[in-house]
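Reader: I would like to learn how to read a structure like this one, feature by feature. Please show the model, then begin with a single residue and what surrounds it.

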Amino acid sequence: MAYPFQLGFQDATSPIMEELLHFHDHALMIEFLISSLVLYLISVMLTTTLTHTSTMDAQEVETIWTILPAMILIMIALPSLRILYMMDEINNPYLTVKTMGHQWYWSYEYTDYEDLTFDSYMVPTQDLKPGELRLLEVDNRVVLPMELTIRMLISSEDVLHSWAVPSLGLKTDAIPGRLNQTTLLSTRPGLYYGQCSEICGSNHSFMPIVLELVPLKYFEKWSSSML
């Protein structure tokens, strides 16, 4: 869950988000080194009048500043491609949940169960209980088992939406007439909040997402009570 004045990402809850955080730190360190080098060169040029005429037209210098950027790009591109393939990989999902975006709420269908469907609306401010989060709580949470691969099928009934849960590294567009899919895997139980991240209309900011990740035995009890 994000907190006021937070500057970094939310804590990772899935292996994919952990990889994304590591890649972010990797790319940021490369950018920091490049920025430091450029700042050093600019400061040297502004504070000294010395000119190394022997290096102004040197072939070695031309070779270095051609090869070095290419190597840096490869160091960034290879980990990025690895994570992209990991995000698209589907490994025998334990459960499939179909998510439909509406103006302005989400509806969920557990396709492996018969008649297990519900709508998820934001809880109005005046109906919040002590400790609940304004603009983020919903009347029906999406309960899922932890430590198991879950497939989410995402689409929309009307306009463009986007189903996003930052701590799980998820952000998938909900497009009318098209079925997108993504997978999630939580390494620990808890409540994970998200919101529609597509500007979908006047009530765009009032369609939150709440995932409740629980151990398998509790999920089975919940699913039995819902049927």
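Author: Take Leu227. Setting aside neighbours within four places in sequence, Leu227 is in contact with Tyr113, Glu114 and Leu116. Keep in mind that this is a predicted model.

Reader: Where in the chain does Leu227 sit?

Author: Leu227 belongs to the segment after α4. The C-alpha atoms of Leu227 and Asp115 are separated by 6.9 Å, although the two are 112 residues apart along the chain.

Reader: Is Leu227 buried or exposed?

Author: Exposed means over 50% relative accessible area. Leu227 has 55% relative accessibility, so it counts as exposed.

Reader: What does the UniProt record say about residues 92-225?

Author: An unreviewed UniProt entry annotates them as "domain: Cytochrome oxidase subunit II copper A binding". In the model, the chain over residues 92-225 is 7% helix and 43% strand, with its end C-alpha atoms 26 Å apart.

Reader: How should I read a sheet, and what is the order of the strands in the open sheet here?

Author: In general, strands of a sheet pair through backbone hydrogen bonds, either parallel or antiparallel. Here 5 strands form an open sheet with mixed pairing, in the order β4-β10-β9-β6-β7. The edges are β4 (142-145) and β7 (170-174); each has a single partner strand, so one side of each has no neighbour in the sheet. Ignoring direction, neighbouring strands of this sheet are turned by 25 degrees against each other on average.

Reader: How many bridges join β4 to β10, and do the strands run parallel or antiparallel?

Author: There are 4 bridges between β4 and β10 (residues 208-214), and the two strands run parallel. Within this pair, Leu144 stands opposite Leu213 in β10.

Reader: Which helix lies across β4 and β10?

Author: Helix α4 (residues 216-226) lies across both, at about 135 degrees to β4.

Reader: Which strand is joined to β5 by 5 bridges?

Author: Strand β5 (residues 150-156) is joined that way to β8, and the two run antiparallel. Leu153 stands opposite Gln181 in β8. Strand β8 (residues 180-184) is mostly covered, as 4 of its 5 residues are buried.

Reader: Next, charges. How many salt bridges does a search of the whole structure find?

Author: The idea is that side chains of opposite charge can pair when their charged atoms come close. The search finds 4 salt bridges. One of them is between Glu19 and Arg82, with the closest N and O atoms 3.0 Å apart. This pair links distant parts of the chain: Glu19 is in helix α1 (residues 15-47) and Arg82 in helix α3 (residues 59-88), 63 residues apart. Glu19, at 22% relative accessibility, counts as partly exposed, and so does Arg82 at 45%.

Reader: Is Glu137 buried or exposed?

Author: Buried means under 20% relative accessible area. Glu137 is at 3%, so it is buried. Arg141 is partly exposed, with a relative accessible area of 28%, and Glu212 counts as partly exposed at 25%.

Reader: What is Glu132 in contact with?

Author: Leaving out neighbours within four places in sequence, Glu132 is in contact with Asp127 and Glu137. Glu132 is found in the loop between β3 and β4, and at 28% relative accessibility it counts as partly exposed.

Reader: Last, the nonpolar core. Which residues have the most contacts inside the largest one?

Author: In soluble globular proteins, nonpolar side chains tend to be buried together. The largest nonpolar core in this model has 30 residues, and those with the most contacts inside it are Tyr110, Leu144, Trp163 and Leu211. Strand β10 gives the most to this core, with 4 residues. Beyond its neighbours within four places in sequence, Trp163 is in contact with residues including Trp106, Tyr108, Met152, Ile154, Leu184, Ile209 and Leu211.

Note on methods
Residues numbered from 1 in each chain as written. Predicted model: local features only at pLDDT ≥ 70, side-chain atom pairs only at ≥ 80, totals over all residues. Heavy atoms only, no water. UniProt positions renumbered as here; feature names shortened; annotations may be inferred. Pairing = 2+ DSSP bridges. Axes fitted to C-alpha atoms, helices over the stretch in contact; angles between N-to-C directions. Contact = heavy atoms within 4.5 Å. Buried < 20%, exposed > 50% of the residue type's maximum accessible area, 1.4 Å probe, protein only. Salt bridge = Lys/Arg side-chain N within 4 Å of Asp/Glu carboxyl O. Core = buried A, V, L, I, M, F, W, Y, C linked by side-chain atoms within 4.5 Å.
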